[in-house]
Amino acid sequence: GKQWYQRRVRASDAEHEARVPKKILKCKSVAREINFSSELEMKRFRLEQRVYFKGECLEEWFFEFGYVIPGSTNTWQNVIEAAASDQMIPSSVLNGNVVIENAFFDGNDEISRSKVRLFYV
């Protein structure tokens with residue numbers, strides 16, 4: 001089934017927080033959907049995502065959306081496969097120690113960057 005998380009955002013925070021059900025770590029894959037609108041044309045819209053554990057980069061992924069039509073609203077879906085169960089770190093160890101950094105680009109031009117610290121509940 002689908003797993004959802006709730007994010008708490010405060011305007012003064014450089015880093016946001018997310019509360020994630022710990023049972024998500026037992027899933028074989030996780031699907032996500034990103035909805036976005038753009039007034040401007042983007043020739044090569046892409047996402048760089050890095051996962052940090054206690055400040056050290058554990059994983060990084062690079063996703064290419066491609067061309068974005070000006071004045072459009074878009075949906076971007078992808079599925080991330082989990083590591084083997086014997087390679088998973090327990091939620092009690094991960095809790096509060098994982099930060100996901102998302103950076104969106106048009107080609108090499110950075111559009112936005114955000115960080116979310118995960119808490120497993």
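These are my notebook entries on a predicted model of a protein.

**Ground rules.** I number residues from 1 along each chain as its sequence is written, and my side-chain values use heavy atoms, leaving out hydrogens and water. Local features need pLDDT of at least 70, side-chain atom pairs count only at pLDDT 80 or more, and totals for chains, interfaces and linings use all residues.

**Overall layout.** Along the sequence they run β-β-β-β-β-β-α-β-β. I also looked up burial: 34% of the 121 residues are buried (under 20% relative accessible area; exposed is over 50%, partly exposed in between, with a 1.4 Å probe and protein chains only).

**Ala 31.** I found this residue in strand E3 (residues 29–38). Ala 31 counts as exposed because its relative accessibility is 61%. Beyond its neighbours within four places in sequence, it is in contact (heavy atoms within 4.5 Å) with Asn 78 and Val 79. Asn 78 sits 47 residues away in sequence, yet the C-alpha atoms are 5.8 Å apart.

**Salt bridges.** My search of the whole structure gave nine (a side-chain nitrogen of Lys or Arg within 4 Å of a carboxyl oxygen of Asp or Glu). One of them joins Arg 113 to Glu 101, with the closest N and O atoms 3.2 Å apart. Glu 101 is buried because its relative accessible area is 8%, while Arg 113, at 40%, is partly exposed.

Notes. Helix = DSSP H or I, 4+ residues; strand = E, 2+ residues; numbered from the N terminus.
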